[in-house]
Amino acid sequence: YYFDNVTYSLYHAIDWVGTGWYKFVGPEGHRMADKPVGPKHCGSENSGWINGSHPTTPGSSTNVSVCFDCEEEDSPKECCFIKEATITNCGQYFVYFLQQVYGRYCATNDSLEQ
């Protein structure tokens, strides 16, 4: 469902270049996860997923909240903190305007939630 790295990082992925536009590619997934993933996934203590939906019309954009799951006092907690993001439907793929975060945005190859 989502990419799990055996070592966790509280910081960003190696290909992260700061706040800006991103496209998910590779075996980890072609789009951002759109359901809870739990803490300590996607190579980070804080795992991000879209609390909303992807735009369905090519050329359209939508603003969404990205929840980050974490652990508090050794207990999993859903949506510990939120970052805002913009998703644009480019027809065959999506691009995401993502903010700097203390965690990682999770990718998936699962079918879209409707």
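**Close-ups of rings and strands**

Four of the five residues of strand E6 are buried, so E6 is largely enclosed by the rest of the structure. Buried means under 20% relative accessible area, exposed means over 50%, and partly exposed is in between (1.4 Å probe, protein chains only). Strands (E, at least two residues) and helices (H or I, at least four) are DSSP runs numbered from the N terminus. Keep in mind that this is a predicted model: local features need pLDDT of at least 70, side-chain atom pairs count only at pLDDT 80 or more, and totals for chains, interfaces and linings use all residues. Residues are numbered from 1 along each chain as its sequence is written, and side-chain values use heavy atoms, with hydrogens and water left out.

**View A. E6 and its strand partners.** Two strands pair if DSSP finds at least two bridges between them. E1 and E6 do this in the antiparallel sense, over three bridges. Look for Gly 20, whose bridge partner in E6 is Leu 98. E5 also runs antiparallel to E6, and four bridges join them. Here Ile 87 has Tyr 96 as its bridge partner in E6. E5 and E6 make a hairpin with four residues between them, and Gly 91 in the turn has a positive phi of about 90 degrees.

View B. A search of the whole structure turns up four aromatic pairs. Rings of Phe, Tyr and Trp (its six-membered ring) pair if their centres lie within 6.5 Å; planes under 30 degrees apart count as stacked, over 60 as edge-to-face and the rest as tilted. Trp 21 and Phe 97 are an edge-to-face pair, 5.4 Å centre to centre with 65 degrees between the planes. Trp 21 belongs to strand E1 (residues 20-22) and Phe 97 to strand E6 (residues 94-98), so this pair ties together parts that are 76 residues apart in sequence. Trp 21 is partly exposed, at 48% relative accessible area, and Phe 97 is partly exposed too, at 30%.

**View C. Phe 68 stacks on Phe 81.** These two rings form a stacked pair, 4.9 Å centre to centre and 5 degrees between the planes. Phe 68 sits in strand E4 (residues 61-72) and Phe 81 in strand E5 (residues 75-89), so the pair links parts 13 residues apart in sequence. Phe 68 is buried, at 0% relative accessibility, while Phe 81 is partly exposed, at 27%. Ring pairs link Phe 68, Phe 81 and Tyr 105 into a cluster.
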